[in-house]
Amino acid sequence: MKKNPELTENTRQNLVDAFCILLKKKPVQKITINAISEKAGYNRSTFYKYFCDVYAILEYVENIVIAQIKENFQKNISPSNFEETFLKAFTKIQSDKAFYFNVLFNSDNRQRFIQRLIQEISPIFMQTFNLPPENPKSKYLTEIYFQTVLSALICWLDNKRDLNLEEISKIIGNVLTSGVVTEIAKERI
């Protein structure tokens with residue numbers, strides 16, 4: 001007997017949604033398969049048809065978000081609009097997959113997700129700016145760039161987008177091109 005693909009995907013989605021609800025309340029290491037299954041309305045055996053453990057669901061959610069960020073990011077990328085393109089990709093995923101995005105960025109797994117995201121996007125960054133991947137300096141520059149941008153984005157999201165996209169893009173772009181000290185000097189009273 002063949003499985004109904006729509007029903008199969010619906011079951012997977014219910015398990016993922018239950019996991020995300022739980023992840024908003026507690027760290028991944030404290031989430032059990034029983035808790036996910038119960039929250040989704042299934043038994044443990046159903047869980048194991050879709051995922052091998054709790055971390056497999058976390059990875060599944062991360063993969064969805066990273067894939068969409070990369071897809072949005074690669075559409076209009078160039079050295080001249082890199083920050084803006086990255087920010088737009090980031091904010092688009094925040095609206096398209098807000099539930100997943102908020103769970104990944106508001107949980108104890110934020111740093112893990114950021115490292116995975118940087119790992120996935122670094123090759124695109126290096127290629128866009130013609131940085132040789134085998135050069136150790138390229139790796140440091142890439143890490144500094146993404147940590148700066150992502151830290152600013154997280155702060156912006158934590159502050160409920162208190163600036164518009166153009167304002168935060170400009171701040172990030174100016175910090176990356178002129179330096180943070182120059183930007184601080186502009187804001188002094």
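How are α7 and α8 oriented to each other? They are oblique, a word for angles that are not under 35 degrees (roughly parallel), over 145 (roughly antiparallel) or 65 to 115 (roughly perpendicular).

Before the details, a word on the model. It is predicted, so local features need pLDDT of at least 70 and side-chain atom pairs pLDDT 80 or more, while totals for chains, interfaces and linings use all residues. Residues are numbered from 1 along each chain as its sequence is written, and side-chain values use heavy atoms, without hydrogens and water.

Back to our pair. Helix α7 covers residues 110-128 and helix α8 residues 136-158; they pack at about 130°, with axes 10 Å apart. Those axes are lines fitted to C-alpha atoms over the stretch in contact, and angles run from 0 to 180 degrees between N-to-C directions. Helices here are DSSP runs of H or I, at least four residues, numbered from the N terminus.

Who touches whom? On α7, the residues in contact (heavy atoms within 4.5 Å) include I114, I118 and F125, and on α8 they include Y145, F146 and L150. That contact divides into 10 nonpolar, six polar and four charged residues.

Helix α4, residues 54-75, also packs on α7, at about 35° and with axes 10 Å apart. Among the residues making this contact are L58, I66 and F73 of α4 and F113, L117 and I124 of α7.

Lastly, cysteines. There are zero disulfides, counting pairs of cysteine sulfur atoms within 2.5 Å. For C20, the nearest cysteine sulfur is that of C52, 16 Å away.

Notes
Helix = DSSP H or I, 4+ residues; strand = E, 2+ residues; numbered from the N terminus. Nonpolar A, V, L, I, M, F, W, Y, C, P; charged D, E, K, R; others polar.
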